[in-house]
Amino acid sequence: MTTARAPQRPAVPSPTAGKRPAGRGGGSHSPFRRRLSHQVRAYGFLIGGLLCFALFSWYPAIRAVIIAFQKYTPGSAPEWVGTDNFTAVFQDPEFGTAWRNTLVFTGIALVIGFAVPFLMALVLNELRHAKSFFRVVVYLPVMIPPVVSALLWKWFYDPGAGLANEVLSSLHLPTSNWSNGADTALISLVIVATWANMGGTALIYLAALQGIPGELYEAAELDGANILQRVRHVTIPQTRFIMLMLMLLQIIATMQVFTEPFVITGGGPESSTVTILYLIYKYAFLYNNFGGACALSVMLLVVLSLFSALYLRFTRTDD
């Protein structure tokens, strides 16, 4: 006997039947379109930054190299003169003076500005109370605008009513001409530059010191090492890479000194504080010789590029 089978209901098609699932090559919210949208926004921001660099950094640099080989006066057509600008600059008596002052300034600033921030970082690292307060105090000069800082030191160095000579007189010590003396002006500017920039360097050193494992100091103390020996055999070897990097950066920065000679001494007395950047300023805005100014800029660019190449070489990480 055969059992009758119940009639089957026709299958109702699903609302999503025949549609491709979102995220597999179709749909307005697919991963491909999301990635494309993110990349377009990222490249948009990147192009904006590149345009700013091209307009305000790369174009002026390339233009300066071109003008270095031209006789260029505003309002007249440039005239190609080859290396005449370089020859004229070499024959300028102030050329040798400016390079000598720049190198002497860099050397003195390297000695003073290299040791003082390191010693300050050592002191800050040993503090047990009010650490944050003293870090702010050390960094405070960096936050003062350079021109304001230079004007304060110009008053401080004033041989008549300046605070420096007033303090020396109250202590019955001999006074000085400071920035007004040909033999003391350059070292006075080095003090200003060191005071204005040592805060950032000291904090970098402090961060490096705090990264040194404490076990190394404990082992040195167990071996009977005093504080100087610990600095010599533990601190300096552990921070030598940071010290080398900061030394190269300081050389690059101090060879571009301009604000202090311009505001405090005006290149004097007797051209004792004329630096390369100040001489470039004189060629461009006092002598109206833009070709000579650009020729000097190209020379400085070559020298700084060598130190920049050293910096990149030492900071490069090999995979």
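Let's begin with a cysteine: Cys-52 is partly exposed, with a relative accessible area of 45%, where buried means under 20%, exposed means over 50%, and partly exposed lies in between (1.4 Å probe, protein chains only). This is a predicted model, in which local features need pLDDT of at least 70, side-chain atom pairs count only at pLDDT 80 or more, and totals for chains, interfaces and linings use all residues. Residues are numbered from 1 along each chain as its sequence is written, and side-chain values use heavy atoms, with hydrogens and water left out.

**Cysteines**
- Cys-294 counts as buried, because its relative accessibility is 11%.
- The structure holds zero disulfides (a disulfide is a pair of cysteine sulfur atoms within 2.5 Å).

**Overall build**
- The protein has twelve helices and two strands; these are DSSP runs numbered from the N terminus, with helices being H or I of at least four residues and strands being E of at least two.
- Starting at the N terminus, the elements run α-β-β-α-α-α-α-α-α-α-α-α-α-α.
- Of the protein's 319 residues, 33% count as buried.

**Helix α4**
- Helix α4 covers residues 131-143, and its 13 residues should span 18 Å at 1.5 Å a residue (the expected span is 1.5 Å times one less than the number of residues).

**Nonpolar cores**
- In soluble globular proteins, nonpolar side chains tend to be buried together.
- The largest nonpolar core here has 25 residues, and Val-89, Trp-99, Leu-296 and Met-299 have the most contacts inside it (a nonpolar core is a set of buried Ala, Val, Leu, Ile, Met, Phe, Trp, Tyr and Cys residues joined through side-chain atoms within 4.5 Å).
- Two or more residues of this core come from each of α2 (84-91), α3 (93-126), α9, α11 (276-286) and α12 (290-315).
- Helix α12 gives the most to this core, with eight residues.
- A second, separate core of 17 residues includes Phe-118, Tyr-205, Leu-209 and Met-243.

**Contacts around two residues**
- Leaving aside neighbours within four places in sequence, Leu-296 is in contact (heavy atoms within 4.5 Å) with Val-89, Phe-95, Leu-279, Ile-280 and Tyr-283.
- Thr-239 lies in helix α9 (residues 227-254) and is buried, with a relative accessible area of 2%.
- Apart from neighbours within four places in sequence, Thr-239 is in contact with Phe-118, Ala-208, Leu-209 and Ile-212.
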